[in-house]
Structures are given as C-alpha cells and as structure tokens.
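Morning, everyone. Please bring up the structure.

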Amino acid sequence: MGRRTQNRLFGSAGNAASLLGFTLLLAFTIHAQNTLPDKEMDRVQAMINQSKKDAEQFSKSGGKPGDANNPNLKWSADFWKYREKHPASPATVAATVEALRLLNRADRLSELREKADTLKPDDAAWKQVFYVLMSAAAKSKDYSYLISKAEALAQTASDRDIKAQARFNIGDAYWRIKDNDRARKAFQAVVTEYPGTTYAEAAEGNLREIEFLNLGQPAPAFERTTISGDPISLGGFKGKVLVLKFWGTY
Amino acid sequence: MGEVPLLKELYAKYLDQGVAVVGISLDDELKPLQEMVASKGMSWPQIHDADQSLVKLFNVKGTPTYYLIDREGKIAAKDIPIKKLGSAIDELLKK
C-alpha cells in the first residue's frame, strides 16, 4: 500500500511499522478488519475494488471529476445504499467512508456535506470521515464546514476518540489557514483534555512545530551515528545545503 | 519506492555543488534498511531512527518527508514534494 502523505495526513495506512500520531488508530482499524473473517467486509471490499477500476477507466478515457457520468457518483450512491440497508458494522463504516470519499473525488462537496450531516455524533465512521472532510476542505480552501462540524462533535459526541479527533482537526484546520493562535489553542486543548491519546501526542508535536519548525528558523540540532558507524551531526553540514529525507523501506 | 531514482539523480547532480543528502529511516529493523540501501545503490549517509527521536524532533507525520536546510542551518523548506526539490535547491545555491 502506498505510504505517500496526503496533504499533512497519511492518506492510507496498511502497515503498522512506522505510523505516527493518530494514524495509528486508522491502521489498527484496518488491521483488525483485515484479520477477522468478515463476509460483508469482503463484499464491500469487492465493491471498492470495482469502483477503483471504473474510476481508472473513466479517467483514462478523459473523464473529468465533475462530469455527470463520473462512475464515482454511481458507486457513491451504491455505498450509501449499502450503509442504509445494513446495521452498524466495520463493513458499514467502510461503505460510508467510501461513499463520502467518492463524492469528494467527484467534486460534489455540498452533497458530501449533506450526507456527513446525517451521521450521528458517535457514528464509528467519523474517525475516517474527518480525513475526507479535511481533504475536501483543502481542495476548496474552505475549512469553515470542517471547523463547525468538528466544533459540534467535540461538544456532542460521547466517544472520547471522536471528541479528541474533532479537537485535533480544528487545530489542524486553523493551522492550515495560518491562524496559529486558534490552532495552538485547539492543540493545547487536545493535550490537556485527552492525555495519553495518540491525538495528544500528535498535538504536542504540532505545538512544537508551530513554535520551532517554521521556515527560517534554525533546524533542530542532532548528533547520531550512521548505519555505517560514522558520527553525523547537523553542525557538520554548515556551509552546505542539506536535504533530509525521512523514509522507510516498507 | 519510485522516489529513489529521482533522489539519486538529484544527489549526483548536486554532489559537487555543496549539497548533501541524509536519509533518516523509520524502519523498526536495521537489516531491511541495510539491504535496500545496498540494492538501490543509495550512496548518501543513512541514520536508523529506530526510537523515532528524530521523527519527533522534526515532527514528521508520514513518509517520505523532505526537509531542506540552507547553508546556515536554517529550515528552507519542509514537506516539500521531491519534484520541487531541485528548483528549491537551485534557489538556495544562488544565494
């Protein structure tokens, strides 16, 4: 599975080797779903596979996201129908997320919002729906829906994870629109209200980044040993332009 | 791993112009890292960040993530896609 970052978040997470912050949750969810025999999950997965093929075909033949015959629209409707016919289950969550993701893909943002509005505050799909809403917000450069939705969920959800993630998303959204004061406030709230969670850890990292890792600030100093056994430090590269690549073999 | 050939190209192009590359691997195990570095012919230094302390220090949220640091040790770019890395390096070298 690809490990490219999707904007600031991991787009996909299928490997628990190096996951950071709140992506851990997503990975564990997927992992758990993959290890249990679940016929409904297989069925939804087969739908997802076919919808991907259709989307590829459509795109290859020159189709544009906003076209009325975008197969993502038909598939989104099918996934939503699946959701409505089936009680809550991991497969229902997957179908819900897929329905919304495909609406985003097809640039149907108002429809996406309408459907997201029908999800109850404690719907298990929220954890992944936030990723879809963040992606839609980034695309339209309009974070107001995401922020108001997250504010509401932070109040009304009873699931602690959903509340923490909502607060985290508020911080992330404000950070993206460079409202660092509000971003700081939201991340600080995650740290104090949800200690010990992956969100708190990620929020702490973001608070440090807002403070110390801006362009033009000195890069944090480090001293390590390379895998060949040579000492290496940031100071040793003074006078050189340095590229740091964080990566993994997975 | 489609990015490795691109980075190798950049590395070779800028090697004599005062540009260094350092890989920081998030792998749990050292062995696959050593094997891939050898098999792909990555000749730049590699740090095995097994305890993720550098990941924390630079608040890295996913892989791959690139940081670009200027001659004075200041952050010139972060989360930059590899396709934009070459022109960002060119800008820094002009200074």
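**A strand and a helix pair**

Start with strand β5 of chain A, residues 241–247: 7 of its 7 residues are buried, so the strand is largely enclosed by the rest of the structure. Keep in mind that this is a predicted model.

Which strands of chain B pair with β5(A)? One is β1(B), residues 19–25, in the parallel sense, over 7 bridges. Here Leu242(A) has Ala20(B) as its bridge partner. Another is β3(B), residues 65–69, in the antiparallel sense, over 5 bridges. In that pairing, Val243(A) is bridged to Leu68(B).

Now the helices. Go to α8(A), residues 160–176, and α10(A), residues 198–212. They pack at an angle of about 20 degrees, and their axes are 10 Å apart. That angle is under 35 degrees, so α8(A) and α10(A) count as roughly parallel to each other. The crossing is left-handed.

Who makes the contact? From α8(A): Ala164(A), Gln165(A), Phe168(A), Gly171(A) and Trp175(A). From α10(A): Tyr199(A), Ala202(A), Ala203(A), Asn206(A) and Ile210(A). How many of these are nonpolar, polar or charged? The contact of α8(A) with α10(A) has 7 nonpolar residues, 3 polar ones and no charged ones.

That's it from me.

Key: Residues numbered from 1 in each chain as written. Chains lettered and ligands numbered in written order. Predicted model: local features only at pLDDT ≥ 70, side-chain atom pairs only at ≥ 80, totals over all residues. Buried ≥ 20, exposed ≤ 12 C-beta atoms within 10 Å, placed from the backbone. Helix = DSSP H or I, 4+ residues; strand = E, 2+ residues; numbered from the N terminus. Pairing = 2+ DSSP bridges. Axes fitted to C-alpha atoms, helices over the stretch in contact; angles between N-to-C directions. Parallel < 35°, antiparallel > 145°, perpendicular 65-115°, else oblique. Left-handed = near helix turned anticlockwise from the far one by under 90°. Contact = placed C-beta atoms within 7 Å. Nonpolar A, V, L, I, M, F, W, Y, C, P; charged D, E, K, R; others polar.
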